[in-house]
Amino acid sequence: MEAQGQRRKWECWGTALSFAFLLCFGLQVSAQIKYYIPEEIKEGFIVGNIAKDLGLDISTLTDRRLRIVSGSNDALFQVNQNNGLMNVHKKIDREEICDGNSACLINLKLVVENPLEIHYIVVEVTDVNDHYPIFPENNLYLEIPENTHPGARFELPTARDLDSGSNSVRSYKLQQNDHFQLQLKDGEDDDKIIFLVVQKLLDREQHAKHSLVLTALDGGSPPKSGSLNITVAIQDTNDNSPVFSMDTYTVTLNENAPIGTVVVFVNASDADSGANGEVEYSLRKSSKNSANNIFSLDSITGEITIKREVDYEENEVYRLNVQAMDKGQPPRTVDCRVIIKIIDVNDNQPQIDVTSLSNVVSENSKIGTVISFISVTDKDFGINGKVICSLTDGVPFELKSSVQDNTYSLVTKKRLDRELVSYYDVTITATDLGYPTLSAYKTLRIQVSDVNDNVPEFSQNPLELYLPENNAPSNSIFSVRASDKDLNENAVISYSMIRGDGTRNNMASSFQIDPESGHIHALKSFDFETVKSFHFQVLATDSGSPSLSSNVTVNVFILDQNDNVPVILYPVSANGSAEGVEEIPRNVNAGHLVTKVRAYDADIGYNGWLLFSLQEVSDHSLFSLDRYTGQIRTLRSFTETDEAQHKLVILVKDNGNVSLSATATVIVKVVEPKEAFAASDVTNAVKDEEENNVTFYLIITLGSVSVLFIISIIVLIVMQCSKSTDYSSKYLQDTNYDGTMCHSIQYRSGDKRYMLVGPRMSIGSTLAPGSNRNTLVIPDRRRRDSGEVRD
């Protein structure tokens with residue numbers, strides 16, 4: 001019952017103090033909250049309602065992962081994420097976790113997520129009277145000369161109580177006797193100096209030994225006590241005691257001073273002579289600190305030196321009790337105190353503590369997004385403990401100070417772009433202001449996560465595809481490939497055709513594309529004579545959310561193949577066969593133009609270059625055939641013995657790899673001359689001269705085109721050899737050229753005359769619409785008396 005009442009008492013005190021603390025700070029959650037609990041409290045004791053005191057919504061505690069993230073002390077307490085209560089996790093011994101009579105404070109750091117917040121809580125552990133006063137030793141032996149005058153005092157060891165405050169040692173009492181009494185003197189840090197004072201003259205012959213009991217009482221309720229058995233032996237006269245030059249020696253010493261450094265000399269003198277005047281020094285045991293383990297005393301010279309390293313962070317002040325004893329019989333002693341104050345030097349590096357939920361930040365994070373919380377500590381004091389933090393130059397992050405000293409938030413200060421920099425190694429530098437300065441470093445690797453902010457890109461736009469006509473349907477003819485600077489799903493690309501409105505030049509429906517590989521298949525066979533070029537568009541779409549896309553235009557050029565046989569345009573008989581009859585006078589001279597075979601090939605280039613040859617002739621000595629123009633001329637004049645009718649079979653073939661051909665038959669009838677032929681001969685002579693000039697220009701043009709064609713073939717071969725197999729290779733430079741290369745055919749349709757040409761065009765000619773650009777309209781020249789169309 002008494003323990004339960006004590007617990008309720010501390011709970012009330014803790015609640016009241018927490019409420020008062022919150023009122024004083026205006027319920028600001030970011031301020032520090034302080035709780036008070038007694039030591040030795042049972043496990044499960046509720047320290048306080050963290051959620052209520054911090055103003056947190058209890059319903060979100062589990063999702064926000066309220067937890068303690070401070071150092072090794074986090075095992076002493078735990079937080080219930082369901083109700084926000086903080087309770088004691090294991091039994092707390094104040095004397096185990098705190099040292100000295102100062103307040104025992106436990107600093108806790110609490111973190112909640114979404115958004116990330118950090119709060120600081122201080123729990124002060126109050127003392128309970130659970131320890132007894134203890135003297136350094138159970139028995140003390142004192143030798144006091146018998147001639148000691150009343151009022152002489154001898155310092156006694158003090159008792160130590162691990163408790164603090166009112167529960168520490170408060171009083172001493174000495175067993176009742178007639179010769180001695182206690183005298184207390186206030187020392188530093190509220191400690192007492194105890195003296196055993198002689199009340200009256202001692203008589204060794206009456207009492208050679210006095211047994212005393214010294215009792216130390218603490219201030220607990222009920223008080224606890226400890227005792228020291230004192231044996232006082234009365235020695236014979238040595239009537240002068242050593243005397244120190246001063247009662248208290250106060251010196252300063254830099255921490256980390258080398259071992260062996262002389263701290264101070266103590267000096268005591270004795271007016272006696274001989275052995276009674278020889279003084280030896282010794283250190284008396286202390287119950288307050290372990291100074292005797294740090295310093296050593298030369299018993300002869302009184303020199304105090306360092307025998308172990310001195311650390312200001314462990315102890316700021318050391319106190320030594322030095323005793324001087326002469327060698328008289330009995331020896332006389334005197335005590336003095338040596339106070340050594342340690343001066344702090346900058347010997348501790350700052351320590352960096354990083355609290356980070358994740359080391360990944362999205363590249364589209366807003367400026368000011370919190371990445372981590374950083375706290376810096378330095379065990380040194382004063383200017384040596386002041387710390388300045390900085391970051392690596394050139395990183396898009398900065399440190400922002402928090403309400404708590406030496407606490408910072410690492411936040412973004414610029415926009416991030418994963419495609420430029422995918423991660424940052426951020427080095428945090430903490431430098432104190434001591435001399436010489438000390439620094440600590442901690443490097444954080446911050447990964448930048450990808451968002452879908454880059455569209456797929458094609459290497460070039462537009463693309464060009466050269467496709468031979470008569471291709472096999474469903475075969476792969478081309479491949480497109482796009483790249484995306486994003487990662488993973490954001491960079492997975494699918495391809496599709498952009499379907500148009502069905503216009504003549506929109507041929508997307510004639511192709512099919514593999515959505516994963518980008519391979520394009522033709523769904524039909526193309527005919528150069530029907531369509532020579534067109535374009536379609538391919539759409540590349542990534543798999544991000546939302547998805548991004550881009551398109552590329554594919555220009556398709558159909559390459560001609562030798563798939564058309566020559567067509568005889570003249571002569572053509574009434575029934576449509578390639579057969580005609582020509583009548584010439586018998587008196588014509590050699591070189592007379594009998595007629596001209598006209599043919600047309602829908603192919604272009606060498607595939608449309610036509611050559612004429614006599615396949616069959618009745619008399620080889622009478623007629624000749626121009627292999628390029630198809631003109632039939634006489635080789636000599638006719639004689640009376642020559643037959644009146646001659647049959648000529650002309651073979652017309654193209655220059656394709658596998659040439660195609662057609663034949664025409666011309667029947668030449670030799671008739672007797674008439675008067676009308678005389679005028680006709682004059683006209684024909686003029687026309688022959690004109691045709692010879694045209695033939696000359698045709699030969700020049702043909703040679704030029706042949707040279708250009710050969711150069712094109714050479715360039716094509718070089719390009720093929722210099723590139724890897726790619727359906728998008730460029731085979732020809734001029735894709736819009738069409739028509740028959742090296743032939744010209746004239747024919748009449750209605751009241752217009754046409755000429756089918758290759759690269760050579762007659763002056764004054766125009767392209768006829770609907771003729772696939774192989775046909776020219778030429779000025780009309782009426783037939784002469786023979787009705788023949790001339791070039």
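# Report on a predicted protein chain

Pro222 is found in the loop between strand 13 (209-218) and strand 14 (225-235); helices (H or I, at least four residues) and strands (E, at least two) are DSSP runs, numbered from the N terminus. A cis peptide bond with omega of about -5° joins Ser221 to Pro222.

The structure is a predicted model, in which local features need pLDDT of at least 70 and side-chain atom pairs count only at pLDDT 80 or more, while totals for chains, interfaces and linings use all residues. Residues are numbered from 1 along each chain as its sequence is written, and side-chain values use heavy atoms, with hydrogens and water left out.

## Confidence and overall composition

The mean pLDDT (the predictor's confidence in each residue, from 0 to 100) of the protein chain is 79, and 81% of its residues reach 70 or more. Over residues 1-30 the pLDDT is below 50, and this stretch has 24 contacts (heavy atoms within 4.5 Å) beyond near neighbours in sequence. Residues 724-791 also have pLDDT below 50, with 174 such contacts in the model. Where pLDDT is low, the predicted coordinates should not be read in detail.

The protein chain contains 6 helices and 53 strands. Of its 791 residues, 44% are buried (under 20% relative accessible area, with exposed meaning over 50% and partly exposed in between; 1.4 Å probe, protein chains only). Among contacts with a separation of 6 or more, 66% involve residues 24 or more positions apart. The chain exposes about 41000 Å², of which carbon and sulfur atoms supply 50%; accessible areas come from the Shrake-Rupley method with a 1.4 Å probe, and for residues only the protein chains shown count as cover.

## Strand pairing

Two strands pair if DSSP finds at least two bridges between them.

| Strands | Sense | Bridges |
|---|---|---|
| Strand 1 (residues 33-38) and strand 7 | parallel | 6 bridges |
| Strand 6 (residues 104-112) and strand 7 | antiparallel | 9 bridges |
| Strand 27 and strand 30 (residues 423-432) | antiparallel | 5 bridges |

Strand 7 (residues 117-126) is mostly covered, as 9 of its 10 residues are buried. Within strand 7, Glu124 stands opposite Tyr36, and Val122 stands opposite Asn107. The hairpin of strand 6 and strand 7 has 4 residues between the strands, and Asn114 there takes a positive phi near 50°.

Thr431 in strand 30 is the bridge partner of Ile388.

## Loop geometry

A cis peptide bond also joins Tyr435 and Pro436, with omega of about -5°; Pro436 is found in the loop between strand 30 and strand 31 (439-449). Ser474, although not a glycine, has a positive phi of about 75°, and its place is in the loop between strand 33 (463-468) and strand 34 (476-479). Asn488, likewise not a glycine, has a positive phi of about 50°. Asn488 lies in the loop between strand 35 (482-483) and strand 36 (493-498) and is exposed at 67% relative accessibility.

## A buried threonine

Thr665 is found in strand 49 (residues 661-671) and is buried, with a relative accessible area of 15%. Apart from neighbours within four places in sequence, Thr665 is in contact with Pro571, Ala578, Glu579, Gly580, Lys647, Leu648 and Val649.
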